[in-house]
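Please open the model in your viewer and keep the selection tool at hand. The tour begins at a helix and then moves on to aromatic rings.

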Amino acid sequence: MDNTNNQTMTKPSHYDGDLWNEDLAPTNAETRTWVWKDYAALWVAMVVCVPTYLLSAGLVSEGMNWYQAVITVLLGNIIVLVPMMLIGHAGAKYGLPFPVLLRSAFGTKGAKIPALARGLVACGWFGINTWVGGSAIYVILNSVSGDAFVGQALPFLGIDITQTLCFFAFWAMHLVFIKHGTESIRWLETFAAPFLILMGLALLGWAYVNAGGFGEMLSTPSQFVEGGAKEGQFWTAFFAGLTSMVGFWATMALNIPDFTRFAKSQKDQMLGQAIGLPLPMALFAFIGVAVTSATVTIYGEAIWDPVALAGRMGGMGVVLALAALALATLTTNLAANMVAPAYGFSNMAPSKISFKMGGYITAGIGVAIFPWKLLETAGGYLFTWLTGYSALLGPIAGILIADYFILRKSTLNIDALFQHAGEYGANNGWNMAGVTALVIGILPNIPGFMHAAGFVESVPAVFDTLYAYAWFVGLIIASMVYLLLSNRAPVTMQAKSASQ
């Protein structure tokens with residue numbers, strides 16, 4: 001990634017080589033080019049993806065009517081927007097990526113644990129989404145050729161030659177943007193955002209016209225009303241659903257500094273995120289409900305899966321729909337699942353691994369996990385694992401917010417973040433307050449996670465309840481423990497920020 005407008009940055013002599021490289025260094029005024037429109041476009045392009053389309057499906061299946069589901073999605077994203085802006089504040093103020101910011105709370109060495117944890121879950125999603133995008137290309141080819149590309153499964157791989165080539169073709173698209181860094185990702189997100197919104201609205205219009213309205217689902221009452229199948233259970237379902245909505249972007253709430261470090265101002269990152277996240281999420285969730293309700297009238301059955309729906313549309317409709325799906329998958333995958341591990345791997349060995357190399361490592365892992373085999377053999381368990389893993393990252397968010405805003409009053413010593421001998425490198429580079437708080441914040445959620453993942457048959461009900469609120473529980477407990485354990489020594493030096 002080029003942070004320096006083609007000017008080579010020189011490592012300050014007092015910085016340690018295993019903590020610094022050009023990609024981890026604070027951004028300068030020349031590279032702070034992102035305005036609010038860029039952040040709004042970033043979020044719109046990430047929001048438009050298959051999981052968002054399916055969000056309301058899960059809530060409706062739990063008994064909500066359409067507007068209860070959409071409101072739950074909206075509220076969940078308003079809630080997660082708060083830590084997103086708070087953690088993003090440090091990135092915009094000091095120009096620091098997520099792994100470097102972690103050093104303040106976890107120590108110069110201890111920071112590698114949460115950075116790697118965030119990165120590995122992203123690698124899993126990277127591989128899965130790459131397979132989804134490649135599958136869309138495969139379906140397009142067979143739709144326009146009468147299944148001419150369907151073949152026998154290859155030995156060991158378990159997929160045919162065209163599926164393999166489509167997967168690697170879509171995978172290679174990511175390599176292009178990895179090579180050209182975050183500015184190329186910004187360009188793609190800005191270009192894709194309006195197109196994806198138009199495609200979503202076009203799909204909504206198609207459903208409305210062909211169904212003569214949105215069908216029965218939008219008039220289906222909530223199951224929680226008096227006499228309903230789940231009478232009196234609304235609030236239980238609501239809070240569980242709300243936690244799931246928060247957990248949906250819990251990972252991005254952590255590494256948002258990777259993007260806000262390029263902001264021209266705090267206003268730009270805050271306004272852009274406020275515009276780009278909650279309302280588009282609610283809109284796309286509504287499109288999912290409305291279009292699915294229309295498929296009942298059009299096809300005689302509810303089709304929630306947009307890939308399956310595209311296949312039923314036929315003609316050029318399937319090509320356009322799946323091309324939009326592939327683009328949506330690419331934009332989401334690059335921003336949500338590539339940037340974080342790229343910085344995380346770079347932070348493991350800065351002198352040897354650049355942001356670009358970290359991105360290539362992420363892409364390599366995405367192939368090595370054989371995502372099609374994982375989905376085939378472990379489907380539900382895999383998603384339970386990854387979702388649970390993401391929810392367990394709440395403690396990291398709590399520790400970061402407590403450290404940056406409460407303990408340090410948003411004042412960081414930038415030089416010390418790149419020195420083992422500085423204040424963040426005490427105790428051999430391990431801030432045990434942060435590490436201990438992370439462990440204690442995670443512990444209450446482990447039994448519920450083990451039950452949800454199917455590793456144990458049952459646990460006491462209290463643990464299932466805690467796990468239903470896992471992100472909130474972890475965030476609150478970890479932040480409180482961190483503040484109790486922290487040494488409230490005054491910050492010795494206030495670093496200058498390129499943009500306040």
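Select helix α12, residues 306–313, where the buried residues are P306, L309 and A310; buried means under 20% relative accessible area, exposed over 50%, and partly exposed in between, with a 1.4 Å probe and protein chains only. Looking down the axis of α12, you will find that its buried residues fall within an arc of 100°, so they line one face of the helix; the arc is that of the directions from the helix axis to the C-beta atoms. Helices here are DSSP runs of H or I with at least four residues, numbered from the N terminus.

This is a predicted model, in which local features need pLDDT of at least 70 and side-chain atom pairs count only at pLDDT 80 or more, while totals for chains, interfaces and linings use all residues. Residues are numbered from 1 along each chain as its sequence is written, and side-chain values use heavy atoms, with hydrogens and water left out.

Next, show α2 (50–61), α6 (161–211), α11 (278–299) and α13 (315–337), against which the buried residues of α12 pack, contact meaning heavy atoms within 4.5 Å. Just after α12, select G314, which takes a positive phi of about 75°.

Now turn to the aromatic rings: those of Phe, Tyr and Trp (its six-membered ring) pair if their centres lie within 6.5 Å, and planes under 30 degrees apart count as stacked, over 60 as edge-to-face and the rest as tilted. The count by this rule is 28 aromatic pairs. Select F238 and F239, whose ring centres are 5.2 Å apart with planes at 70°, so the pair is edge-to-face. F238 is buried at 9% relative accessible area, whereas F239, at 35%, is partly exposed.

Then select F370 and W372, a stacked pair with 5.1 Å from centre to centre and 20° between the planes; F370 and W372 are both buried.

Notes. Helix = DSSP H or I, 4+ residues; strand = E, 2+ residues; numbered from the N terminus.
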